[in-house]
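Reader: I am new to protein structures. Please show me one, and let me ask about its parts.

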Amino acid sequence: MNLLSIAGSDPSSGAGIQSDIKTFTSLGSYALTVITSVTSQNTTKFGNIEPISSKMITNQIDSIFSDFKIDAIKIGMVYNSSTIKAVFMKLSKMTIPIILDPVIKSTTGGRLMKKNAIVSYKKYLIPIAHTITPNISEASMLGGIPIKNNKDLLRCAIKIQEYGVKNVIITGVPSKKGEISDFVLEDSKQYFISGKKLKKMNHGSGCNFSSALTVAIASGKNLRNAVKFAKMFTYSSIKNSKKIGKGIPITHYTRKSDSNRKILNNAIYDFQNLKNVYSIIPECQTNFVYSKEKIKTTHDILGVSGRIVKAGKDVVIAGSLEYGGSKHVASALLEISKKYPQMRSAVNVKYDQILIKKCLRKGLLVKSYDRSMEPLGIKRKENESISWGIKQSIKNSDVPPDIIFHKGDFGKEPMILIFGKNPNEVIEKISKIL
């Protein structure tokens, strides 16, 4: 998943472009950047700002979109009106989700948006955003309403929404003792997402929240779940903040080391680079999964939370690697593992009779099942069809199959599933038949 951050540079890496890179990367996405301003700041003080020229900002954006497929965009610091207009001119006709994080003042005291640029911000950037994430102070500035209670929150969010954005999230709302909330106006729905409050000064939590939200939205989460995800990520980053410099601690997110994630990520990269691999991506798209050693549910199986999709002759990842991220391919692997626990990886590809013949010529063990024979009661249950089919295909087999296929049924696409002990073995099998 490719995510673009359009923001200013913070040499302390506490916020801005550098913070976004850290967040996107830690959550399994590839970070691309367009720098709008260069700042001199650290954990104790704010120094100076030097805006990048509109022409250079435009050139940066052109260079990104001429080479990469972008799944979502986060816009942070845009210092002046010329920057805002340059960004608008390039993004206004795009349908990619844009997460707008108003950056008006830094934690260390610097003003990051000129006062006269706020009018341009409202006119040009807010209308093209999918979601905007101001804190209480920023929301008050943008909405022109001092926020003192929940009624003010709603009034202010509605005012911001009137500029053209569909979703407004006002962060850092004081809640009951020991908690802090985010107020969400999602189209016409309003609700709070609450969590534990940490009494720790920090540099970077606002960027962490909006960046994590960008990842979640790009991977297909609905807004409520995306906010929950971003809130949990931000809580963890604040909790693990480090006093690296002499001043305010910098937020820091640490993910437990997971060799499975690295192995699967590398295998997906190899899959994307197989010659003509786009030709075996089915209409329902592809997922690639890898399980823990002991599997009890699909939540023990790592997969792409969205899909691996075909874009012309390219194959791209639309989503991030998450346990429980796959339903269908993971359900097939779960059923296989009950009889053959050594089989821990699988991928689905397009059904093609020629591929099946190649599998047989290469000595791969091929099994199949007939979806038209599936009991009606099974068809009506979510994901039960896959489990039933896998059981049917392996019930008389003493050794694990390499391939299981079915020829589809009414409204059901035919499919090939390729299994292996690990993702690298799956890649080897795909290589044999391409």
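The questions below go through its sheets, salt bridges, surface and loops.

Author: This is a predicted model: local features need pLDDT of at least 70, side-chain atom pairs count only at pLDDT 80 or more, and totals for chains, interfaces and linings use all residues. Residues are numbered from 1 along each chain as its sequence is written, and side-chain values use heavy atoms, with hydrogens and water left out.

Reader: Which residue stands opposite Asp182 in strand 9?

Author: Strand 8 (residues 179-186) pairs with strand 9 in the antiparallel sense, over eight bridges. The two strands form a hairpin with two residues between them. Asp187 sits in the turn, with a positive phi of about 60 degrees. Opposite Asp182 stands Ile193.

Reader: Which residue of strand 6 stands opposite Ile99?

Author: Strand 5 (residues 98-100) and strand 6 (residues 131-132) run parallel, joined by two bridges. Ile99 stands opposite Thr131.

Reader: Which residues of strand 17 are buried on its two faces?

Author: Buried means under 20% relative accessible area, exposed means over 50%, and partly exposed lies in between (1.4 Å probe, protein chains only). In a regular strand the side chains alternate between the two faces of the sheet. Strand 17 (residues 403-406) is covered on both faces. The buried residues are Ile403 and Phe405 on one side, and Ile404 and His406 on the other.

Reader: Which residue of strand 18 stands opposite Ile403?

Author: Strand 17 has parallel bridges to strand 16 (residues 366-368), three of them. There, Lys367 stands opposite Ile404. Strand 17 also runs antiparallel to strand 18 (residues 415-420), with four bridges. Opposite Ile403 stands Ile418.

Reader: How many residues apart are Lys74 and Asp20?

Author: Their side chains meet in a salt bridge at 2.7 Å, N to O; the term means a side-chain nitrogen of Lys or Arg within 4 Å of a carboxyl oxygen of Asp or Glu. Lys74 is in strand 4 (residues 72-75) and Asp20 is in helix 1 (residues 16-26). Both residues are buried. The pair is 54 residues apart.

Reader: Is Glu335 buried or exposed?

Author: Glu335 forms a salt bridge with Lys338 (3.3 Å, N to O). The two are three residues apart in helix 10 (residues 328-339), so about one helical turn separates them. Lys338 is exposed, at 58% relative accessible area. Glu335, at 7% relative accessibility, counts as buried.

Reader: Which parts does the salt bridge between Lys429 and Asp402 tie together?

Author: The closest N and O atoms of Lys429 and Asp402 are 2.6 Å apart. Both residues are buried. They are 27 residues apart in sequence, so the bridge ties together helix 14 and the loop between helix 13 (384-394) and strand 17.

Reader: Which residues join into one network of salt bridges?

Author: The structure holds 12 salt bridges. Some share partners. The network joins Asp20, Lys74 and Asp101.

Reader: What is the relative accessible area of Lys432?

Author: Lys432 is found in helix 14 (residues 423-433). With Lys357, Arg361 and Lys362, Lys432 gathers in a patch of positive charge on the surface. A patch takes residues with over 30% relative accessible area and no salt bridge, and joins like charges within 9 Å. Lys432 is partly exposed, at 43%.

Reader: What phi does Gln285 have?

Author: Most residues other than glycine have a negative phi. Gln285 lies in the loop between helix 9 and strand 10. Asn276 is found in the loop between helix 9 (259-272) and strand 10 (288-291), with a positive phi of about 60 degrees. For Gln285, phi is positive, about 75 degrees.

Terms used:
Patch = residues over 30% accessible without salt bridge, like charges linked within 9 Å, V, L, I, M, F, W, Y side chains within 5 Å. Areas by Shrake-Rupley, 256 points an atom, 1.4 Å probe, with all protein chains shown as cover. Lys, Arg positive; Asp, Glu negative; His and termini not counted. Charge placed at Lys NZ, Arg CZ, Asp CG, Glu CD. Pairing = 2+ DSSP bridges.
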